[in-house]
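Here are my notes on the model you sent over.

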Amino acid sequence: MAYPNSLANLPDEIFLHILSFLDPPDIVTLQSVSRHLLSLCRDGNFWRNRCLSASAVRERIRLYRWGTDWIDEDGAALGPGNHGEDQNEVHWSLFESLSQLASKRREREQIRIAANWDPTFPNEKTNWYNEYIQRHGPIAVSWFEQPEVQSGSLKDFIDVSGVSLYRPSRSGHELFAVSPLDDGSVCLWDVNGTRGRKGSILSKSNPGLLSVDGPGTDLSRHSKMINTGVTECVSIDDQTHKAFFAIQSHLIEVDLRTLRVVGNQPFEWSITTLSAADPAAPLTVGTLHGLHLHDFRARSQYQDEGQMRLDNFGKRVGRDFSHVLDPRPLAPYASLAQSGPQSILHLGVPGDESQLSNDIFVAGRFSNILHYDRRMFPAIRGSIHSGAKLCSLTSLPYPFSSLDSDLRRRFQLSEEQVEKAKSVTGGRTLIACGEYNTKGSLELYGLSSNGDDVPESSRIIPNSVMKNRQTASKSKLLSVINHGTRIVFSDGQGYLKWIERDGFTEVRRHKIGKSEKIVHRSLFGSMPGSDDIARKILSTRTSGQDGDARVNNDDILFWTGEKLGLLSFSSRPGFSTEDFEESTKTPEEVAAEEEEQMYSERMRLALERQANEVRFVQNLGAGNLS
């Protein structure tokens, strides 16, 4: 007798307990059976426990639980007093032994450890199914289509000079990458494949669009170059569909719907960094020796008319004098005692990073992080001493305390203490990365949202500064962003590293490798420094129609300084630049080329095996064989 609905009639708790014995690929397959099983197989608490059990919590308990300081909520010691060589094994065995610890107390201890490990904050929406994929799923690296220029019968690639993400609609799934190219054009790629092939070029403007002197300019001269080595050189306002490009000392505004220049604002010094564009606040422009507030929302009609009248005169003398007759007052300007700002952050309000506060933080080739208030600009509000050369800033709209974070990392707080530490009102976290004495530096600062009359020193929460300069990286950190409940940064060795929000605990790492397909392997292809590095990383997370994030939709877009790539969490192999090229070869030629590659690979392996045998015989004392 068959019972087709017997599985569906099981209580959810029993079904989830059965799921705990299955491997993740089997659970994914089970999701396609019905909507009910799909909902159960993506249960948040189930995948949260999976993330906890799959992480290195057990090893961390072995590392930190020495002596009798491992106690439960009732104050009962969970470890013996002697300090033998197998002390950590004794702790864990006592924790798992039902004979030594009552079942209720053991369950309570598991809840306490889970509370210490949980990286989320109250009212923070987290998709734990996505978290498990990003923490433990396979990684595939793909490379976007490379722009080309035709020179007779030959083709040459055009380098990408920066990147930013453009979301035409907040409710849609469309996401485009926007970059300036070395030939002065603007290029758009389809990141999610909504209008074309994923990673393909969607549109490209005419060359010379971003040239200060207009199309047709000789870009080979150093003073006319588009790529000036600035990382934060592109900023996009999604609502107005405008993109801002930092080209030498000019801020060029381009309409992304028509790919035409609609504004050109000159500055006295070369632009070194741009803040993120937002319709609620002016754009902060960092030049070599100062900061400017550029309010792109209040464009004057007089400026457009004046620019038309003085266009020809400006071209003759090589300078643009259209701003001379502009009756508007000059924009606020803050001079810097030390030159070289490299990152500008508009800090969000506590609990909601989508809404901006009035705080502006600036980091660069100086020892302090500068703090400005937009309402009192250009007066400086204060500074935070770092001592490192920082190049990237980001933030979390939640509080941070280095003391509580260290105790949680050692699983020493109770549930009430964890809840109290996470419930601090008005707290925010400033995250910075860069270089300190040739090594990577990752820094976290806990900030409070005090009033205007409070001095800057009291805005930093006591015991809330963390500087990881030992285990972050052996080389300079290049870019840092938030990725789910983790922090991810790129370094000079070509790695992307994910760490917990405590700034120390590493979750995973991945090397992006080389963009070119390896047809013939060589010794030099595996040497240090031969891989690409990610100079800038961005999260591709978009919201669905219901406002919730799509499943496994938070990839990482990266820029190497020459091309764009995408790191996704999938078992499918990634695509490469060569996959976008139109092949004119016949099937017979393709088959012959694949056979030749297989033969070359077999011969290479045979020669390597022979060389290993020769070295083995030499080590036995047989002498040189020739």
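**Notes on the predicted model**

1. In this predicted model, strands S16, S17, S18 and S19 make an open sheet of 4 strands in that order, with antiparallel pairing. Strands and helices here are DSSP runs numbered from the N terminus (E, at least two residues, for strands; H or I, at least four, for helices), and two strands pair if DSSP finds at least two bridges between them. S16 (341–349) and S19 (380–385) are at the edges with a single partner strand each, so one side of each has no neighbour in the sheet. From one strand to the next the twist averages 30 degrees (axes are lines fitted to C-alpha atoms, for helices over the stretch in contact, with angles from 0 to 180 degrees between N-to-C directions).

2. Before going further, the ground rules. Residues are numbered from 1 along each chain as its sequence is written, and side-chain values use heavy atoms, leaving out hydrogens and water. As the model is predicted, local features need pLDDT of at least 70 and side-chain atom pairs count only at pLDDT 80 or more, while totals for chains, interfaces and linings use all residues.

3. Back in the sheet, S16 and S17 (residues 352–364) run antiparallel and are joined by 7 bridges. Ser343 sits opposite Ala363 in S17.

4. Have a look at Asn368, which lies in strand S18 (residues 368–373). Asn368 touches Val362, Ser383, Ile384, His385 and Ser386, leaving aside residues up to four places away in sequence; contact means heavy atoms within 4.5 Å. The C-alpha atoms of Asn368 and Ser386 are 5.3 Å apart, although 18 residues separate them along the chain.

5. On to the rings: the whole structure has 11 aromatic pairs. Rings of Phe, Tyr and Trp (its six-membered ring) pair if their centres lie within 6.5 Å; planes under 30 degrees apart are stacked, over 60 edge-to-face, the rest tilted. Trp47 and Tyr132 have ring centres 5.0 Å apart and planes at 50 degrees, so this pair is tilted. Trp47 is in helix H4 (residues 44–54) and Tyr132 in helix H8 (residues 128–136), so the pair ties together parts 85 residues apart in sequence. Trp47 is buried at 1% relative accessible area, and Tyr132 also counts as buried, at 14%.

6. Which kind of pair do Phe121 and Tyr398 make? Their ring centres are 4.8 Å apart and their planes at 5 degrees, so the pair is stacked. Phe121 is in the loop between helix H7 (103–117) and H8, and Tyr398 in the loop between strand S20 (389–396) and helix H11 (402–409), 277 residues apart. Both residues are buried.

7. Lys497 lies over its face at 5.9 Å from the ring centre, and Arg509 lies over the face of Tyr495 at 5.4 Å. The test here is NZ of Lys or CZ of Arg within 6 Å of the ring centre and within 35 degrees of the ring normal.

8. Strands S26 (residues 495–499) and S27 (residues 506–511) pair antiparallel over 5 bridges, forming a hairpin with 6 residues between them. Ile499 stands opposite Glu506 in S27, and Gly503 in the turn has a positive phi of about 85 degrees.

Conventions:
Buried < 20%, exposed > 50% of the residue type's maximum accessible area, 1.4 Å probe, protein only.
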